Amino acid sequence: MAVIPVELAGRSYEVRIARGLLDNLASECGELLRKDRVPIVTDVNVARHWREPVESALARADKEAVWHVVDPGEGAKSWQGLERLIDWLLEQGVERGDHVIALGGGVIGDLTGFACAVLKRGCGFIQLPTTLLAQVDSSVGGKTAINAGAGKNLIGAFHQPSLVLADLTTLDTLPDREMRAGYAEVIKYGVLGDSAFFDWLAGHGKSVLARESEALEHAVATSVAAKARIVAEDERETSGTRALLNLGHTFGHALEAETGFSDRLLHGEGVALGMVLAARYSARRNLISDSDADRVAGAIAAVGLPTEIRTLDLDCDGRKLADHMLHDKKMDGGTLPFILLRGIGDAFMARDVELADVAEFLDEQLG
Ligand SMILES: NC(=O)c1ccc[n+]([C@@H]2O[C@H](COP(=O)([O-])OP(=O)(O)OC[C@H]3O[C@@H](n4cnc5c(N)ncnc54)[C@H](O)[C@@H]3O)[C@@H](O)[C@H]2O)c1
Ligand SMILES: O=C(O)C(=O)C[C@@H](O)[C@H](O)[C@H](O)COP(=O)(O)O
Ligand SMILES: [Zn+2]
């Protein structure tokens, strides 16, 4: 088992990564589950595969799981989804010192985390991430949110979980498309700050996606360790360090908005396209070579992730995509910092990017 601490003054917690963690759920959670009834939030797909094993594991420790099961998909990260969940948590009598379990992907983690951030001004929660994306990224670091009509994650809070249990066995039932989408965030750690990891992925990416235990655990643990380091340094994204985790997201979130937050483009697929765009835009500004931009695109294409926005058949121009970016949370005093590359493994925040220039670049890419 890999155990990675997220060090935050007074609120440190562990991310445990291994196969079979859910079998011993009650003992893994220990004192955090202080009552006999355990509130669990999940979605229909996850429940189909993992409700019974989780229920049985808790029953073996004389605990009863009580369930709030939502429809799968980004739509759950909405005011309506939040209201339903909070009403349910209130019905269950959840107290501040209790812990709610989020069993699912990033949607369930973001929604549950935000509900727990505001319920009675903050109760505890435990992340049980069941997608690759959630295991390497969304379950760690305490960004919680729902979406607004105007864009992605615009209503939210920083609220850290008390524990993250990344049971690699849960990925056995994850559809391959979702595995690939999560892998985009894995590549992100290599591109933004770790060229050796980027190179390792070139040789082991297929093994990771095939869920081969050793490669998978290494990829998840290396990703989580990178995120934990960054979050410990800049928990609330104020110094610029945490913003590096946004590599590919300014472009990606605009593409997600333009495709209506639908199955047409998963978050990870948007990040994959966004990273290619960030690399190509960096090359256009002579920050990196064209061949390095091609290497980023090549790593993404090699696992079947999209690299060309023209394949999305968008009914819009570059200006419209750039307009979505005006809602980006990094916006500061009317300018939008972009995460660009000086090299593979060397991302930085550029504060001199003109949105008009980005729109022109996007028009070329939409071609
Ligand atoms: N808070 C953060 O730091 C952070 C980081 C990255 C992404 N996010 C957010 O996370 C969301 C994307 O998360 P995601 O990619 O996990 O999507 P998701 O939660 O929608 O899960 C993807 C799909 O897989 C299904 N699923 C989940 N686990 C399964 C399993 N083990 N077996 C079978 N099916 C399973 C789900 O039902 C869903 O249909 C986005 O909303 C994104 O904004 C947040
Ligand atoms: O944890 C972070 O910080 C990230 O930026 C991780 C991203 O992968 C994630 O998608 C996050 O939700 C995006 O943050 P946002 O602030 O742009 O909503
Ligand atoms: Zn992301």
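At which residues does UniProt place the feature "binding site"? Good morning, colleagues. The unreviewed entry gives Glu 185, His 249 and His 267; UniProt positions follow the numbering used here, feature names are shortened, and annotations may be inferred rather than shown by experiment. These residues span 83 positions in sequence, yet no two of their C-alpha atoms are more than 10.2 Å apart, so they gather at one spot.

Before I continue, a word on the model. It is predicted, with local features requiring pLDDT of at least 70 and side-chain atom pairs pLDDT 80 or more, while totals for chains, interfaces and linings use all residues. Residues are numbered from 1 along each chain as its sequence is written, and chains are lettered from A and ligands numbered from 1 in the order in which they are written.

His 249 is found in helix H9, residues 249–258; helices are DSSP runs of H or I, at least four residues, numbered from the N terminus. With 25 C-beta neighbours inside 10 Å, His 249 counts as buried, the term for 20 or more other C-beta atoms within 10 Å of a residue's own, with C-beta atoms placed from the backbone. His 267 belongs to helix H10 and is also buried, with 24 such neighbours inside 10 Å. Leaving aside residues up to four places away in sequence, His 267 touches Gly 106, Leu 133, Ala 181 and Glu 256; contact requires C-beta atoms within 7 Å.

I turn to the ligands. Glu 185 and His 249 are among the residues surrounding ligand 2, as are Asp 137, Lys 152 and Arg 242; a residue is near a molecule if its C-beta atom, placed from the backbone, lies within 6 Å of it. This shell divides into one nonpolar, four polar and six charged residues. Here Ala, Val, Leu, Ile, Met, Phe, Trp, Tyr, Cys and Pro count as nonpolar, Asp, Glu, Lys and Arg as charged, and the others, Gly among them, as polar.

Ligand 1 has 30 residues around it, of which Asn 45, Gly 105, Gly 106, Thr 131 and Ser 138 come nearest. Thank you.

How values were computed: Helices (H or I, at least four residues) and strands (E, at least two) are DSSP runs, numbered from the N terminus. A residue is buried if 20 or more other C-beta atoms lie within 10 Å of its own, exposed if 12 or fewer, and partly exposed in between; C-beta atoms are placed from the backbone. Two residues are in contact if their C-beta atoms, placed from the backbone, lie within 7 Å.
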